[in-house]
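This report describes selected local features of one protein chain. The sequence and the structure are shown first, and the description follows.

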Amino acid sequence: MIAIIDYGMGNLRSVQKAFEFIGHEAVITDEPDVILKADKVVLPGVGAFSDAIKTIKEKKLDKAIYEAVEGGKPFLGICLGMQLIFDKSYENGEFEGLGIIPGKVVRLPENVKIPHIGWNNLNIKMRDPLFEELGESPYVYFVHSYYLETDAPVVSATTDYGKEIQVAVQKENVFALQFHPEKSGSTGLRILENFGRLK
């Protein structure tokens, strides 16, 4: 069973429906016990970083997230959920993230249209179980105004949007995607299916 963490923000039902479409049981929950009983955990999200991290801590979901990650469960952050797992965000101020992987979240460069909405191809940078059977330069769907900057050797894919930006990471059992696999057609479904296969 896949637990989709509900902290009051984002497209939870569309993520759940995508997993169900490919045959995986997925529940939307804000209960730490349910998260810890799940086989895999997904942290999705759309919205403001500051509100998200505040709610996660108020509901004590951060403790469940840390325990799930430390216990080796496959963990997937999507969009805002990706940004939350890093050290800090500079969206409308400076806010501490979950710090699971070192890095910061910064605003897209001013020479491009913000927010970045639409399809862009991925530049695959390292072998990542989520990207198996995707072929070269697969196209995926983005909606974001901020992006990751990290020097850690975890970046599995980038895309070009005004500059090369980091849009996917993997560190051991932790995976994160800036784009929306649930909105990325057959490519996105393949990525979610690959995640669902993880042990």
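Gln 166 has its place in strand β13; strands (E, at least two residues) and helices (H or I, at least four residues) are DSSP runs, numbered from the N terminus. The model is a predicted one, in which local features need pLDDT of at least 70 and side-chain atom pairs count only at pLDDT 80 or more, while totals for chains, interfaces and linings use all residues. Residues are numbered from 1 along each chain as its sequence is written, and side-chain values use heavy atoms, with hydrogens and water left out.

**Gln 166 and its surroundings**

With a relative accessibility of 17%, Gln 166 counts as buried. Buried means under 20% relative accessible area, exposed means over 50%, and partly exposed is in between, for a 1.4 Å probe and protein chains only. A polar atom of the Gln 166 side chain lies 2.8 Å from the backbone nitrogen of Thr 150. Leaving aside residues up to four places away in sequence, Gln 166 touches Met 82, Tyr 147, Leu 148, Glu 149, Thr 150, Val 155, Ala 157 and Thr 158; contact means heavy atoms within 4.5 Å.

**Strand β12 and its partners**

Strand β12 covers residues 155-160 and is mostly covered, with 5 of its 6 residues buried. Strand β13, residues 164-171, pairs with β12 in the antiparallel sense over 5 bridges. Two strands pair if DSSP finds at least two bridges between them. Val 155 has Val 169 in β13 as its bridge partner. The hairpin of β12 and β13 has 3 residues between the strands, and Gly 162 takes a positive phi near 80° there.

Strand β12 is also joined to strand β9 (residues 123-124) by 2 bridges, and these strands run antiparallel. Opposite Asn 123 stands Thr 158 in β12.

**Aromatic pairs**

A pair of aromatic rings is described by the distance of the centres and the angle of the planes. The structure holds 4 aromatic pairs. Rings of Phe, Tyr and Trp (its six-membered ring) pair if their centres lie within 6.5 Å; planes under 30 degrees apart count as stacked, over 60 as edge-to-face and the rest as tilted.

The rings of Phe 19 and Phe 195 have centres 6.3 Å apart and planes at 55°, so this pair is tilted. Phe 19 belongs to helix α1 (residues 12-21) and Phe 195 to helix α6 (residues 185-197), so the pair ties together parts that are 176 residues apart in sequence. Phe 19 and Phe 195 are both buried.

Phe 195 also forms an edge-to-face pair with Phe 175, at 6.4 Å centre to centre and 80° between the planes. This pair links distant parts of the chain, with Phe 175 in strand β14 (residues 174-177) and Phe 195 in helix α6, 20 residues apart. Both Phe 175 and Phe 195 are buried. One aromatic cluster is formed by Phe 19, Phe 175 and Phe 195.

**Backbone geometry in loops**

Pro 115 lies in the loop between β7 (104-107) and β8 (116-121). The peptide bond that leads from Ile 114 to Pro 115 is cis, with omega near 0°.

Cys 79 has its place in the loop between β4 and α5 (80-84). Although Cys 79 is not a glycine, its phi is positive, at about 55°. Glu 172, in the loop between β13 and β14, is not a glycine either and has a positive phi of about 55°.

**Accessibility of selected residues**

The table lists the relative accessible area of further residues.

| Residue | Relative accessible area | Class |
|---|---|---|
| Cys 79 | 5% | buried |
| Arg 197 | 42% | partly exposed |
| Gly 71 | 64% | exposed |
| Glu 172 | 65% | exposed |

Gly 71 is found in the loop between α4 (61-70) and β4 (75-78). From Gly 71 to Ile 4 the separation is 67 residues in sequence and 17 Å in space, C-alpha to C-alpha.

Arg 197 is part of helix α6. Not counting residues up to four places away in sequence, Arg 197 touches His 24, Glu 133 and Arg 190. Arg 197 and Lys 113 are 84 residues apart in sequence, and their C-alpha atoms are 36 Å apart in space.

Terms used
Polar contact = N/O pair within 3.5 Å; in protein donor to acceptor, adjacent residues only side chain to side chain.
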